[in-house]
Amino acid sequence: MKILQISDVHFSQETRNIEKIKKMLNMIRSSINLSEVDAVVLCGDIVNKNSMDLHSTFQQFKNELSDKPIPIYISCGNHDVNRKLIKPMFITHVNTLNSNDKIDSFVLDNESNQFTDNTKHFDQYQDLIKAEINPEIITNLYYITKINDGDKKIGIFSINSAWFSCGQTDDYGRIIFPRTYIYEGIRALKDCSIKIFLTHFPITYFAEFNRTEIQQLVASNFDVYFCGHTHRNESVVNYSSESGIFSCTCPSLTSLTGHDNNGFILHDFNWELMVDTVLEMRFVDGLYVEYKRQGINLPVNELKKDKIILVKAIQDKKSTVIDYATKKFCMFEDDDISFLDIYNDPVLKEKDKIRSYTSDLQEKGITENKNVAFQKLLDKDNYVIYGGEKSGKTALLYRLYIEYLTHFLSLNYLPVFIDMKHYYKTTSETFPRSIKEFIRNEYNLSIKY
């Protein structure tokens, strides 16, 4: 799954700024193949000032980035909130929230502190989320959406970390977020095999009393964490007591100071192996150029590690089987042609010819012998396949073997191919003492499997 990470676009109403951003977005189009991108994460600060219309600006961003529709998932940045609408009394009260329990009570107890009446400063952002993303769950401070990548369900939990970014002082060490909402998100994503945490402010910007618990919750329950705000790139793998998380801070797309590292990041995730190939592009001398490419192993717990080892062994086995079948069945000397290119399903019948006619219908020439589809062989029933010599039995078994290896994660069956002729003809090799031993040998797995 390829995900394009962009942050801190900072559209303004100045013509010069708009033309510059359009030019940079067009250069993204020319520097990577956007047709291969599955999703975009925009880590906040779409606009430079919230006095602009956030929705129309987002539409402009989307149209300039790509001609084809690409899902874009966003988080709210400090420039996306209208700080002029933040009431002084609201600021004063929030500054007294010096524990996680007080923050949770503040956002949950609407009657006493009227939290929902003090969120006008990010109404535009909320309207944008409802119109453009249509999430499965949306609250004042987070939304959740779920997407599919093959047989993997990906859950995206995007928080509004800028809800209390009043802009009066440096936000570092002052950002707070309700712990109770993180718990809600974790529960809502239980059915997702991959969980992504999306925020504008890095968690390191949170107040110390709030940061420690939020960091632990996110690291223990999410696989990837995207953020922005700092205007510089940082890719870090953080480990927790149970598992860990890969966090990636995106550089700014455009510069406010003239000294930022402008650019974007393209992620290429292999969820089965839990690997991300990270390509960082930097804006240098008027062009986006490849700055750094690195492979990241996403942190996993012991259970996931074992599964990844097994998946890798299955992928290696699949390549070996295809190569062997190609040599065995292909008569061509063309390196580009494999067994899968030339294979055709044989005609399979439920019964042999002798039993295919009933006595009363035999004279009329009417048969009950139905064809058997290849896909039916993948169900849970047991089959005995027999036929004449050179009728395609062995080729069919190799094709089934490859199909099971290809779809192991969805079919949840590990194929075992035992060629008894091999042991019959070989005197130096004894038949494995158990199927377990045979599987370990075939897939190069350790004794724990």
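**Exercise 1. Determine how many residues of strand S10 are buried, and where their side chains point.**

Step 1. Six of the six residues of S10 are buried (under 20% relative accessible area, whereas exposed is over 50% and partly exposed lies in between, with a 1.4 Å probe and protein chains only), so the strand is largely enclosed by the rest of the structure. Strands (E, at least two residues) and helices (H or I, at least four) are DSSP runs numbered from the N terminus.

Step 2. Gly244, Phe246 and Cys248 point one way from S10, while Ile245, Ser247 and Thr249 point the other way, and all are buried.

Step 3. S10 pairs with strand S8 (residues 224-227) in the parallel sense over four bridges, where pairing requires that DSSP finds at least two bridges between the two strands. Within this arrangement, cysteine 227 stands opposite threonine 249 in S10.

Before continuing, note that this is a predicted model, in which local features need pLDDT of at least 70 and side-chain atom pairs count only at pLDDT 80 or more, while totals for chains, interfaces and linings use all residues. Residues are numbered from 1 along each chain as its sequence is written, and side-chain values use heavy atoms, with hydrogens and water left out.

**Exercise 2. Describe helix H8 and identify which elements its buried residues pack against.**

Step 1. H8 (residues 208-221) has 14 residues and reaches 20 Å from its first C-alpha to its last, close to the 20 Å expected at 1.5 Å a residue; the expected span is 1.5 Å times one less than the number of residues.

Step 2. The buried residues of H8 are Asn210, Ile214, Leu217, Val218, Ala219 and Ser220.

Step 3. These buried residues pack against helix H4 (100-108), helix H7 (179-188), strand S7 (194-198) and strand S10 (244-249), with contact meaning heavy atoms within 4.5 Å.

**Exercise 3. Work out the strand order of the open six-stranded sheet, and state which strands stand at its edges.**

Step 1. The order is S3-S2-S1-S11-S12-S13, with mixed pairing. Strand S3 (72-74) and strand S13 (287-297) stand at the edges, each with a single partner strand, so one side of each is left without a neighbour in the sheet. The twist averages 20° from one strand to the next, with axes being lines fitted to C-alpha atoms, for helices over the stretch in contact, and angles running from 0 to 180 degrees between N-to-C directions.

Step 2. Strand S11 (residues 263-270) pairs with strand S12 (residues 275-284) in the antiparallel sense over eight bridges. These two strands form a hairpin with four residues between them, and methionine 274 in the turn has a positive phi of about 55°. Asparagine 270 stands opposite valine 275 in S12, and the bridge partner of phenylalanine 269 is aspartate 276.

Step 3. Helix H1 packs on the sheet and touches strand S1 (2-6), S11, S12 and S13, its direction making about 60° with that of S13. Helix H2 (residues 54-65) also packs on the sheet, touching S1, S2 and S3, and its direction makes about 140° with that of S3.

Step 4. S1 and S11 pair in the antiparallel sense over four bridges, and lysine 2 stands opposite aspartate 268 in S11. Six of the eight residues of S11 are buried, so this strand is largely enclosed by the rest of the structure.

**Exercise 4. Explain why leucine 42 counts as buried, and list its contacts.**

Step 1. Leucine 42 lies in strand S2 (residues 39-42), and it counts as buried because its relative accessibility is 0%.

Step 2. Leaving aside neighbours within four places in sequence, leucine 42 is in contact with Ile6, Ser7, Val9, Phe58, Phe61, Ile72, Tyr73, Ile74 and Ser75.

**Exercise 5. Find the size of the largest nonpolar core, and name the residues with the most contacts inside it.**

Step 1. A second, separate core of 26 residues includes Ile314, Val372, Leu400 and Ile439.

Note on methods. A nonpolar core is a set of buried Ala, Val, Leu, Ile, Met, Phe, Trp, Tyr and Cys residues joined through side-chain atoms within 4.5 Å.
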